[in-house]
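I opened my notebook to look up how the chains of this model meet. Come along, and I will jot down what I find.

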Amino acid sequence: MSLLRTEALSKRFGGLEAVRNVDLELPAGEIRAVIGPNGAGKTTLVSVISGRLEPTAGRIFFKDRDITGLSAWQRARAGIVYTFQITSVFPKLSCHDNLALAIQRRRMTGLAGRLREDPAALRAEVEAALARVGLAEDIDRTAAELPYGHQRLLEVALGLALSPELLIMDEPTQGLSNAEIARFCDLVRGIASEVTVLLIEHNMPVVMDLAERITVVERGAVLAEGTPAEIRADAAVQRAYLGT
Amino acid sequence: MSFGAYFFLAVLEGTVSAFVLALTALGLSLVFGVMRVVNVAHGELFMLGAVIAWWVSQMAGDPLSGFLLALVVGPLLVGGIAIAADWAILKRVDYNPEATIVATIGLLYIIQQSVLILYGPDARAVEAPFYFRVQFPWFGYSGYKLIVAALSAGLLLATWYLLKKTRLGLYMRATQYDQETAQAFGVPVRRVYAAVFALGGGLAALAGVLVVPIQQAHYLMGHDPLLLSFIVVIIGGLGSLRGTLIAAFVIGISDGVISVFFSPTLAKILATLLVALVLVVRPGGLFGAKPA
Amino acid sequence: MSGVLSNRWLLALAVLAVLLVAQVLLPPYHHTNFARIMVLASFAIGYNIAFGYTGLLSLGHAMFFAAGIYAAGLGAQELGLSMPAALAFGALGGLVLALAVGLIALRTSGVAFLIVTLMFAQAVFLTTLYFNEVTKGDEGFVIAEALRRIEIGGAELKLSDPTVRYNVALALFALCYLASIALLHSPVGRVLVAVRENEQRTRMLGYNTFGYKLLAMVISGTISGLAGAAYALLFAYVGSTFASTQYSIYALLWVLLGGLGTTLGPLIGTGLMSYLVDFASDVTSSYLIVVGVVLVVLVLAFPKGVVGTAIERWGRLRS
């Protein structure tokens with residue numbers, strides 16, 4: 001069964017067609033990378049999927065349900081989680097509160113669940129979520145105090161803490177050190193059994209290492225799709241992208 | 001007088017106040033457009049223009065020379081005050097939108113209460129520089145009011161010229177479009193800010209000078225122009241000069257008509273409700289950018 | 001963690017205890033002043049929930065305060081509501097108005113939101129003038145002494161009695177103060193703060209941010225309305241000045257002076273400012289100039305206000 005399916009998805013900004021007629025099908029459990037030159041429309045594509053932007057035309061199905069009309073927060077609740085290309089955390093809040101925001105949402109049912117919490121249990125969960133990305137010790141620091149690479153990891157932790165079914169990550173390794181990248185790759189492999197991952201990535205070793213299938217986007221349209229080996233061998237892709 | 005004549009009078013009154021409103025609101029809109037800040041003290045700058053006009057009229061020999069002098073001294077003094085405020089306050093909070101709002105609210109009280117101390121609580125009249133009546137078939141109309149409309153139109157055109165044809169205007173448009181890029185291309189952004197803030201204040205002061213022979217100068221007179229300017233700027237779309245002008249005429253004329261036939265209070269309530277209606281249909285205002 | 005938690009409540013209880021004891025120590029003039037400050041501080045608490053917690057910079061909160069004043073005042077005078085019913089009616093007035101205004105004004109954000117709230121408040125102010133046959137407009141009206149009584153069991157409490165007035169004001173303040181602390185440290189409060197800090201991110205975490213902003217407006221408007229109702233009933237006067245822009249600016253000023261987004265800030269800010277204005281009005285008729293000067297000084301030198309600066313200097317009371 002496909003987890004995510006788009007039909008003839010298009011997004012136009014004035015005269016610019018940033019996404020053109022994209023049919024994308026993503027089976028559950030896959031790690032899919034989307035690659036393409038700068039300005040190819042990758043971020044626009046995932047923004048439309050996550051609901052940050054409205055498509056000009058086309059439909060989006062999530063678990064065979066048409067979600068085209070859902071707003072971004074409804075999609076996040078449905079299980080589509082987006083982590084930002086430009087780090088977007090809550091800089092003035094502690095790492096604890098950053099993660100608590102992601103974790104508490106599922107508990108906020110009924111009036112009592114909205115107004116009361118068990119601080120100790122919450123803290124334990126926050127600690128575990130931070131530990132997944134190696135930030136457990138930073139729990140009481142504000143996000144702004146973290147070095148850039150750690151803020152990226154906090155961003156990823158926020159996404160994971162929402163227990164997504166589909167995790168869309170927009171250039172997650174940008175600005176990370178090699179050691180952090182290696183750790184990140186382990187993390188993604190570790191969650192891949194439960195979560196479907198849609199990854200926009202410029203770092204080719206990371207793509208080749210993680211992705212089961214790759215979709216190549218150029219000028220808003222899908223140019224090719226296949227396994228890493230197929231993509232590497234594809235002449236059109238080489239011309240358009242890898243060759244340059 | 002017939003209904004038609006009444007209506008014509010109301011439209012005429014509305015048009016005159018629409019020109020003055022356009023001048024005031026344009027100042028507010030320019031400041032927001034270029035600097036991305038709201039000057040809540042804008043109405044007080046209008047009031048200062050009127051008070052300065054009274055003060056100049058006391059020193060000048062005759063109404064006409066007093067009026068002409070006020071047209072120069074008013075905007076210059078108020079522009080100077082605006083530059084001082086920009087230097088002493090706005091620059092120091094780095095034009096942060098919220099901090100600027102709070103600071104200009106503070107400025108509103110400081111200016112208003114200083115005028116109360118120095119000028120007193122009385123409303124004072126200034127003699128009009130011209131006395132003639134334009135005779136329509138149904139009634140005679142104050143010639144000065146028509147001159148106010150004509151001068152406002154001239155000042156609006158002059159502002160348009162400044163924006164489109166001068167180097168300062170080019171700098172302003174560049175800064176409005178993209179502040180960082182403008183800076184990279186050598187636009188002295190900080191000085192442009194100061195100039196725009198002074199220009200915005202100067203336009204409000206000019207409106208105040210023009211209006212004072214019709215309205216009398218009073219330390220609380222800045223409140224209504226501020227509110228009307230806000231209404232105009234929101235309906236026209238924040239940052240859109242074209243929208244500001246169009247909305248100024250819609251609001252000014254309808255305000256005039258409703259004030260004559262019903263009551264000024266009702267006119268202002270309705271104008272506010274119009275804002276609500278516009279926002280329901282177009283949250284960015286009629287000519288504003290659609291928010292993301 | 002639990003130590004920090006109890007510190008928060010201990011501080012709150014200590015503040016309330018001081019206010020409770022203060023009534024026997026204060027001379028009559030300050031006694032009345034304190035009662036007034038507690039009611040106005042409740043209004044500031046309401047404002048703080050919108051601006052301080054959620055980042056909604058409104059310049060129209062006087063309309064919610066006035067909605068409470070008129071709903072309670074007219075409810076008592078014209079509809080013959082009992083005092084508790086009039087109080088509830090005032091809170092309801094604030095709630096309904098905040099819901100209506102919020103639904104429209106929250107379609108905008110930033111400076112547009114500020115301007116829109118300012119204009120709605122002006123429309124409410126003008127409405128109180130326009131219907132002056134009912135509202136008595138500028139002059140306002142005094143709520144009849146005979147109406148301002150609460151019967152509990154067989155006993156009758158007169159709201160005009162200073163002790164009753166002080167303690168009703170204290171009870172109101174305690175309710176709003178404790179509720180604001182509970183809200184800030186609840187899951188909902190955390191989301192409100194998140195909206196202030198990064199609305200887009202909050203939305204992408206799966207929160208309906210429009211709904212939360214509307215909720216903040218409604219809670220804020222209800223508390224403001226409740227405070228307005230209490231003001232009308234305790235001080236017996238209903239007039240359109242309370243709907244003027246000046247009262248919206250006061251709310252902003254009190255909260256900023258006390259410390260934006262802090263729970264104790266509204267009381268500190270309201271108290272300091274009342275005495276400052278009191279003092280200035282003895283010196284000059286242009287006493288409102290201190291409002292301007294304080295606002296400018298706050299922005300330039302103490303953006304965090306009294307409580308915020310204290311927290312920064314002497315550790316984190318809020319945690």
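Predicted model: local features only at pLDDT ≥ 70, side-chain atom pairs only at ≥ 80, totals over all residues.

Next I asked which residues of chain C lose the most area to chain A. They are R190(C), R201(C) and M204(C), together 31% of what that side buries.

I then looked up the contacts, and found 21 residues of chain C touching 32 residues of chain A.

For charged pairs, I noted three salt bridges between chain C and chain A. R190(C) forms a salt bridge with E117(A), and the closest N and O atoms are 3.0 Å apart.

On the side of chain C that touches chain A, helix 8 (187-197) and helix 9 (199-204) are the elements giving two or more residues. Helix 8 of chain C has the largest share, seven residues. By class, I wrote down ten nonpolar, seven polar and four charged residues for that side.

**The other chain pairs**

Two pairs of chains touch, and chains B and C have the most contacts. Chain A and chain B share no contact, and their closest C-alpha atoms lie 8 Å apart.

**One residue inside chain C**

Is L172(C) buried or exposed? I found 8% relative accessibility, so L172(C) counts as buried. L172(C) sits in helix 7 (residues 162-184) of chain C. Beyond its neighbours within four places in sequence, L172(C) is in contact with V39(C), S42(C), L226(C), A227(C) and A230(C).

Key:
Residues numbered from 1 in each chain as written. Chains lettered and ligands numbered in written order. Heavy atoms only, no water. Contact = heavy atoms within 4.5 Å. Helix = DSSP H or I, 4+ residues; strand = E, 2+ residues; numbered from the N terminus. Buried < 20%, exposed > 50% of the residue type's maximum accessible area, 1.4 Å probe, protein only. Buried area = accessible area lost by both parts, 1.4 Å probe. Salt bridge = Lys/Arg side-chain N within 4 Å of Asp/Glu carboxyl O. Nonpolar A, V, L, I, M, F, W, Y, C, P; charged D, E, K, R; others polar.
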